[in-house]
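Please look at the structure below before reading on.

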Amino acid sequence: MNVKVNAPPAVHQLIATLEGEDFETWAVGGAIRDALLGEPGGDGDWDLATRATPRQIQRLFRRTVPLGIRYGTVGVFGPDDILYEVTTFRHDVITYGRKAVVAFATSLEEDLARRDFTVNAIAWHPERELFDPYGGAEDLEHRLLRTVGDPAERFREDYLRVLRGLRFAGTFEMEIHPDTWKGMVDAVPGLARLSMERVREELLRVLASAVPSRALELYERCGARALILPELQQGIGPSALATIDAVRGRRTKESRSVAAEVRLAVLLLFGAGLEADPTMVADTLTRLRFSKSETERVQAAISGGLGPGAGLLNDPVARRRWHASLGRWRAHDVLRIWFAALRAGTSPAGRAEVFRLIAQARSDLRNGVPMSLADLAVAGRDLLEKGWAPGPEIGRTLGRLLEAVWRDPGLNDRAALLELAAEEGPVR
């Protein structure tokens, strides 16, 4: 089958270098799948499979990184300074649901035979075009997801393939073959054997996709959600799915990562019945091996619910106190959820109310309304110079000055604040 694959020049050069030494080499992985789907560039996931051993790869290229020598993978910097994964042909020796013991193989056929799904068992060569022994290209054309060989065996080899399959089906809008679906459902209990790190990474990839609801709905249908997120007693219903999809994410990798965390907050918020207990959230994210900073970010995003309460809408001091308590970026996460809830029709507040509060919060930032003691026109040293004694009273006084500025931002002037502080008199 002839297909136009726009591989980067560096990929052509890496293949030519390896084959110049008589090491058969093919491009494999997500980039080939994406090219067949008509997605230019895909995720830039240009991996190579070769007959060369890791030691031979390291001898052949000047700049390499030992990414997984025991599994045959060497990172090679191409002439474009991008790191490409080059892996020796492999076949499985022992598989036991979490990882495999592999041995080096001598042919591409053996390597593709150990792949999970037909759409991922396609190789491409600049001169020989596609090698597709399992009909993956035709399955892509028909948007059909099938395992390579027996589904039960494929999932038993590595239970993470269940979650990968759900992600592929959702991301690429594919129908799962009935036999493959049955194999997935039967294999769901095996997810309990996976490390939480692997589960977390798959979940975040789903949440970073363009339309997470498609895969998340499959999570719910096959029972995967109940096993990996049992804390979500409410499950993942239509309102949650609509709101998660409505959280906008930009195209950069960093922005997709941030969107994934905000969407995770929405997932936990709905799954807990819109009253997500901070302790439950922390316990869930700790179990899934999220970092402390990631957990705090998700908790902060959840704290705003799906829309502002009346107190924030009608009290500028309460609004500024709320904004300051979260910080600029965490407050931005909350605003993203509120926008998403408006788009999805799940917000408890009216559109005009939410937009008014957002406009007011943005106006505060634009006009430099202080959001912390550091933003005040005076500091502790100014009070010390005026005769205040060192101690906690200075901090309490600065806190009262900040509250005064929240009531009247025009007070954020050194002379005005020192005069206001002097009304209480220096503490000696």
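Which residue lies over the face of Trp181? Arg221 does, at 4.8 Å from the ring centre; a charge counts as over a ring if NZ of Lys or CZ of Arg is within 6 Å of the ring centre and within 35 degrees of the ring normal. This is a predicted model, in which local features need pLDDT of at least 70, side-chain atom pairs count only at pLDDT 80 or more, and totals for chains, interfaces and linings use all residues. Residues are numbered from 1 along each chain as its sequence is written, and side-chain values use heavy atoms, with hydrogens and water left out.

**Aromatic pairs**
- The whole structure holds six aromatic pairs (rings of Phe, Tyr and Trp, the last by its six-membered ring, with centres within 6.5 Å; planes under 30 degrees apart are stacked, over 60 edge-to-face, the rest tilted).
- Phe117 and Phe155 form a tilted pair, because their planes stand at 55°, with the ring centres 6.2 Å apart.
- Phe117 also pairs edge-to-face with Phe168, at 6.0 Å centre to centre and 85° between the planes.
- One aromatic cluster is formed by Phe117, Phe155, Phe168 and Phe172.

**Place in the chain**
- Phe117 is in the loop between helix 4 (108-113) and strand 8 (123-125), and Phe155 is in helix 6 (residues 151-157), so their pair ties together parts 38 residues apart in sequence.
- Phe168 belongs to helix 7 (residues 160-171), 51 residues from Phe117.
- Helices (H or I, at least four residues) and strands (E, at least two) are DSSP runs, numbered from the N terminus.

**Burial**
- Phe117 and Phe155 are both buried (under 20% relative accessible area, 1.4 Å probe, protein chains only).
- The relative accessible area is 1% for Phe117 and 3% for Phe168, which is buried too.

Terms used:
Buried < 20%, exposed > 50% of the residue type's maximum accessible area, 1.4 Å probe, protein only.
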